[in-house]
Amino acid sequence: MARFDGAVALVSGGSRGIGEAIVRGLHAEGAWVCIGDVLETAGGALADDLGERAVFQRLDVTDPTSWQEAVSRCEREAGPVTILINNAGVLGITPIGEGATDEWKRVMAVNADGVFMGMDAVAPSMRRAGGGAIVNASSTAGLQGYASMAAYVASKWAVRGMTKTAALELGPHGIRVNSVHPGPIATNMTQQIDPSITDSQAIGRFGRPEEVARLYLFLASDDSSYSTGAEFLVDGGQTLGPTGSLIED
Ligand SMILES: NC(=O)c1ccc[n+]([C@@H]2O[C@H](COP(=O)([O-])OP(=O)(O)OC[C@H]3O[C@@H](n4cnc5c(N)ncnc54)[C@H](O)[C@@H]3O)[C@@H](O)[C@H]2O)c1
C-alpha cells in the first residue's frame, strides 16, 4: 500500500516550483490531488500530465470564495480533504522608505492571509474526514530578518505563528499543523536573487524543489505522526551562519 493511498490533497500554488514537486510527490504515492493556483495553463498541463487522481482548480488564495470552491471541488470529486499544503507565495524586494506599502499589502495578502484562509476553509472538511495534516509554507525568512524584504519576512513570521495556534486548536480533531522553512531553492521566485548568496552556506548551493517536497511529504504523512506546531528547516545550513573561520589565517 502506498503512503498516500486514500488521501485527498489540496496544494495551493501547485502549478510550478516547489508546489509542483509536492503535487508530483503526493500523486506518485497514491494521493488524489487538487492543484490550486492562479496559473491556469501550467496547472492544467500538470493535471493532464498526471492523469487520473489529479485535477486543476483555479484558486486565488486571497479570496475566501475561491477557497470554498476549491474545497467543494475536492469533496465532490474525491471526498473530504485530508491534506492541505498551503504553498502559494510571492516575493517582494523593496527597501523601507521607497514606497513599499503596496507591496506590503500584496505580499501579506498572498503569503499570510492566504494561508489563514486556506486553513479556515479546509478545517471543517478535515474534521469531517476525521483528521488530517496541514503543512504551511514559511521560510528562513520566518526565523530571521532579510534587508529589503520587510513584507516577505513579516508574512513568513505570521505563518509560523498561526501554524502554532492552528496546531493547538485542531490537534483535538486529529489534525496536525506544521511549517516548512526552506532556504534558497532554485525556482522562478529566486531567479532575481544573487546566485553567490549560497557561497558561504554549509551546503553551498541552491536547493532543488524535490528536496523541499520530500519534507512536505514527511509532514503530510503518518511518518510525522507525533509532530505538530513545529518548524522544519530545509535550508542547506543557511541559518547556521557563514562558513569560514573567525581567525585570520
Ligand atoms: N524558492 C525559495 O527559495 C523559497 C524559499 C523559502 C520559501 N519559499 C516559499 O515556497 C513557496 C513556493 O515558492 P516557489 O519557490 O515554488 O515559487 P514559485 O513562484 O515558483 O511558485 C509560487 C506559486 O504560487 C502561486 N501563487 C502566487 N500567488 C497566488 C495566489 N494569489 N493564489 C494562488 N496561487 C498563487 C504562483 O502562481 C506559483 O505557482 C512560497 O510560499 C515561497 O514563499 C520559497
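Reader: Two strands count as paired if DSSP finds at least two bridges between them. On that basis, which residue of β5 stands opposite I85?

Author: In this predicted model, I85 has V135 of β5 opposite it. The bridge partner of I83 in β5 is A133.

Reader: In what sense do β4 and β5 pair, and over how many bridges?

Author: Strand β4 and strand β5, the latter spanning residues 132–137, pair in the parallel sense over four bridges. The chain passes from β4 through α4 to β5, and this β-α-β crossover is right-handed.

Reader: What about β1 and β4?

Author: Strand β1, residues 8–12, also pairs with β4 in the parallel sense, over three bridges. There, A9 stands opposite I83 of β4.

Reader: Are the residues on the two faces of β4 buried or exposed?

Author: Both faces of β4, residues 83–86, are covered. I83 and I85 lie on one side, L84 and N86 on the other, and all four residues are buried. In a regular strand, side chains alternate between the two faces of the sheet.

Reader: Turning to the whole sheet, in what order do the strands come?

Author: The sheet is open and has seven strands, in the order β3-β2-β1-β4-β5-β6-β7, with parallel pairing. Strands β3 (54–58) and β7 (231–234) are at the edges with a single partner strand each, so one side of each has no neighbour in the sheet. On average, neighbouring strands are turned by 20° against each other, direction ignored.

Reader: Which strands does α4 lie across?

Author: Helix α4 lies across β1, β4, β5 and β6 (175–182), and runs at about 175° to β4.

Reader: And which strands does α5 touch?

Author: Helix α5, residues 150–170, packs on the sheet and touches β5, β6 and β7. The direction of α5 makes about 165° with that of β6.

Reader: Back to α4: what is its reach from first C-alpha to last?

Author: Helix α4 comprises 29 residues, 101–129, and reaches 40 Å, close to the 42 Å expected at 1.5 Å a residue.

Reader: Where does α4 bend?

Author: The bend is at A109 and amounts to about 40°.

Note on methods. Residues are numbered from 1 along each chain as its sequence is written. This is a predicted model: local features need pLDDT of at least 70, side-chain atom pairs count only at pLDDT 80 or more; totals for chains, interfaces and linings use all residues. The expected span of a helix is 1.5 Å times one less than its number of residues. The bend at a residue is the angle between axes fitted to the seven residues ending there and the seven starting there. A residue is buried if 20 or more other C-beta atoms lie within 10 Å of its own, exposed if 12 or fewer, and partly exposed in between; C-beta atoms are placed from the backbone. A crossover is right-handed if, with the strands pointing away from the viewer, the path from the first strand over the helix to the second runs clockwise. Axes are lines fitted to C-alpha atoms, for helices over the stretch in contact, and angles run from 0 to 180 degrees between N-to-C directions. Two residues are in contact if their C-beta atoms, placed from the backbone, lie within 7 Å.
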